[in-house]
Amino acid sequence: MKRILFVCCLVLYTLLFSLEITVCNSIPEISGDRGFTRLNLEDSFFSLNEGEPAIPTRSVFFEIPVDKKILNINFVGTNENHIKLNSPIIPVQKNVPLIYKDEVPFIAEYQDQGRDDIFPVNLIHNFGAGRCGNTNIGYISYYSGTYTQNQNEFTYYEEITFDIVLEDDPGNEIYPGSYSSEQVLKSLKIPSNSRSTDIKYLLI
C-alpha cells in the first residue's frame, strides 16, 4: 500500500512540476575544411571547449513559472539517423578577438577523446533560467548529435523530447516589464506577460 501511495505521489509531482518540450533536428550541411569534416546547422553555435569535436549546438527557450527553477532535465530521441563521414569532424579551435594579429595555431587533434569514445556522452550541453522583465525564461543548450571517432560516424535524432523537472524557488522576485524585455521575449518567440501584482522595482 505504501509503495502504491509513493508511486501515485511521484506521478502527481511529475505532472505538477514538469514541462515537456519537443524540438526537431535537421540534417547538417557537410563540407570539407583542412582535411576534416565541418558540420553546419542553421541557428546553431559551437562549444567553446577547445579540442572537442565541433558538433553544432542549439538552444531552446521557454517560460517557466516565476516561483520555479529547473531541477533536472531528461531527454528521449526518436528516429535515429547515422551519417558516415569521409573525414573526422574538425576540432573546436581557439577563440580569439577579431583584432588579434598573431598567428593562431591550428588544433588538429582531439583533447580528452579516445577513439572508442562517443562524444558527447550527454546531448544536453547546459541548462538554466534567467529573468527578463516579469518573465522567468528557461533554456536548454544541446548538441545536435553524437560522433563516434573509430567509426567516423555522426548520429542524430530527428526529434528530441525534453522532460524538464521543476522545483520551488520562493526567493524569486518579480520585476516590471519594459520595452527592452518585450523585444527580447519577441526575439525568443515567448509571449510577454501582463503581471502587475507584487512587483518589486529595481532602482539603478
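**Exercise 1: positive phi**

Arg-34 is exposed, at a relative accessible area of 56% (exposed means over 50%, buried under 20%, partly exposed in between, using a 1.4 Å probe and protein chains only). Before going on: this is a predicted model, where local features need pLDDT of at least 70, side-chain atom pairs count only at pLDDT 80 or more, and totals for chains, interfaces and linings use all residues. Residues are numbered from 1 along each chain as its sequence is written, and side-chain values use heavy atoms, leaving out hydrogens and water.

Task: Work out where Arg-34 is found and whether Asn-152 counts as buried or exposed.

Solution: 
1. Arg-34 is in the loop between strand E2 (29-33) and E3; strands (E, at least two residues) are DSSP runs numbered from the N terminus, as are helices (H or I, at least four).
2. Its phi is positive, about 55°, though Arg-34 is not a glycine.
3. Asn-152, also not a glycine, has a positive phi of about 50°.
4. Asn-152 lies in the loop between strand E9 (146-148) and strand E10 (153-168).
5. At 14% relative accessibility, Asn-152 is buried.

**Exercise 2: a cis bond**

Task: Find which residues a cis peptide bond joins.

Solution: 
1. Look at Phe-119 and Pro-120, where omega is about -10°.
2. Pro-120 sits in the loop between strand E6 (118-119) and strand E7 (124-132).

**Exercise 3: confidence**

Task: Find which element has the lowest mean pLDDT.

Solution: 
1. pLDDT is the predictor's per-residue confidence, from 0 to 100.
2. Helix H1 (residues 2-16) is lowest at 44, while strand E3 (residues 36-40) is highest at 96.
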